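Work through the exercises below with the sequence and the 3D view at hand. Each task is followed by a solution in steps.

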Amino acid sequence: MNTDLVVALDFSSTEEADRLISRLVGLPVVYKVGLQLFLCAGPDWVRSLTASGARVFLDLKFHDIPNTAARAVVEATKLGAEFVTVHLAGGRRMLDEIAVAIERAKAAGEIRTPPRVLGVSVLTSFQEEEWVASVSHMAKISEVRPIRDSVLHFADLVARHPGVDGMVCSPLEVSAVRLKYPDLFLMVPGIRLAGGNWNDQQRVMTPSEAKKTGASAIVVGRPITEAADPRRAVETFLQELS
Ligand code: C5P
């Protein structure tokens, strides 16, 4: 299975993002635009990035009432993003409405290519204890589940939902999800080269391990954005994925 490399453009100015993009010209990567860059770059910058032919993952992790989330996903799609994210905790009704809104926008000619909607399961920065504490605190709405069970529960939701194409999960949950759902698109952050700095990620894996366990795409930020030679860093990651 082919595993894509997604470079997280976690910057607070378009100058920094443009500088990195210009250094990576010609390399087969997807650019991830998260909230930080989106809020300073704005939609026009994203539109021009997609218009230049770049593959873009707009990672705004929508989580709202169904109507609001659905309208936001349609706007994200109009910018030409290939991937968009929504929090699975938003629930089935939010996902239903997103699917309907995308179909409606397509039928109305407002969008040409529907995006691949990815559901965010459990953020890779969580450790087990913190997750359990957080779930029991937030919720009291469901039984407390370990991360793996929670991720598998979310995977069931995604696999059964025709409007969601895949999910975001940590490398440590990929094999369990893959075993149950061989065809789900799995976008996997928390990737580090052997011996690299983990930063605030808690559940990490190397690119080749992630590919072997079944990641469809890996997301890498700081090991590339903070590298002295980002092009070389990207080439190293691509090499491990080849
Ligand atoms: O710098 P680093 O490689 O840790 O960046 C990982 C990127 O993936 C960040 O943009 C982060 O927001 C994103 N991400 C994540 N875990 C998730 C979802 C997204 O690390 N579950």
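**Exercise 1. Cysteines**

How many disulfides does the structure hold?

Solution. The model is a predicted one, in which local features need pLDDT of at least 70 and side-chain atom pairs count only at pLDDT 80 or more, while totals for chains, interfaces and linings use all residues. Residues are numbered from 1 along each chain as its sequence is written, and side-chain values use heavy atoms, with hydrogens and water left out.

Step 1. Take the criterion: a disulfide is a pair of cysteine sulfur atoms within 2.5 Å.

Step 2. Apply it: the structure holds zero disulfides.

Step 3. Buried means under 20%, exposed over 50%, and partly exposed in between. Cys40 has 39% and is therefore partly exposed, whereas Cys169 has 1% and is therefore buried.

**Exercise 2. The ligand site**

Describe the surroundings of the ligand.

Solution. Step 1. List the shell, counting a residue as near if one of its heavy atoms lies within 4 Å of the ligand. The ligand is surrounded by 15 residues, and the closest are Asp10, Thr124, Arg192, Gly221 and Arg222.

Step 1. Sort the shell by type. Ala, Val, Leu, Ile, Met, Phe, Trp, Tyr, Cys and Pro count as nonpolar, Asp, Glu, Lys and Arg as charged, and the others, Gly among them, as polar. This gives seven nonpolar, three polar and five charged residues.

Step 2. Strand E8 (217-220) and helix H9 (222-225) each supply at least two residues of the shell.

Step 3. Check the distances to ligand oxygen atoms. A polar side-chain atom of Asp10 lies 2.7 Å from one oxygen atom of the ligand. For Lys32, a side-chain N or O atom is 2.8 Å from a ligand oxygen atom; for Arg222, the corresponding distance is 2.7 Å.

Step 4. Consider the cover: of the 470 Å² of accessible area that the ligand has on its own, the protein covers 87%.

**Exercise 3. Aromatic rings**

Solution. Step 1. Set the rule: rings of Phe, Tyr and Trp (its six-membered ring) pair if their centres lie within 6.5 Å, and planes under 30 degrees apart count as stacked, over 60 as edge-to-face and the rest as tilted.

Step 1. Count: there are two aromatic pairs in the structure.

Step 2. Take Phe57 and Phe83, which are edge-to-face, with 6.0 Å from centre to centre and 70 degrees between the planes. Phe57 belongs to strand E3 (residues 55-62) and Phe83 to strand E4 (residues 83-87), so this pair ties together parts 26 residues apart in sequence.

Step 3. Take Phe83 and Phe185. Their ring centres are 5.3 Å apart and their planes stand at 35 degrees, so the pair is tilted. Because Phe83 lies in strand E4 and Phe185 in strand E7 (residues 185-188), parts 102 residues apart in sequence are tied together.

**Exercise 4. A residue on a helix**

Is Lys212 buried or exposed?

Solution. Step 1. Locate Lys212: helix H8 (residues 207-213) contains it.

Step 1. Read the relative accessible area: Lys212 has 72%, so Lys212 is exposed.

Methods
A residue is near a molecule or strand if one of its heavy atoms lies within 4 Å of it. A polar contact is a pair of N or O atoms within 3.5 Å; within protein, one must be able to donate a hydrogen and the other to accept it, and residues adjacent in sequence count only if both atoms are side-chain atoms. Accessible areas come from the Shrake-Rupley method with a 1.4 Å probe; for residues, only the protein chains shown count as cover. Helices (H or I, at least four residues) and strands (E, at least two) are DSSP runs, numbered from the N terminus. Buried means under 20% relative accessible area, exposed over 50%, partly exposed in between (1.4 Å probe, protein chains only).
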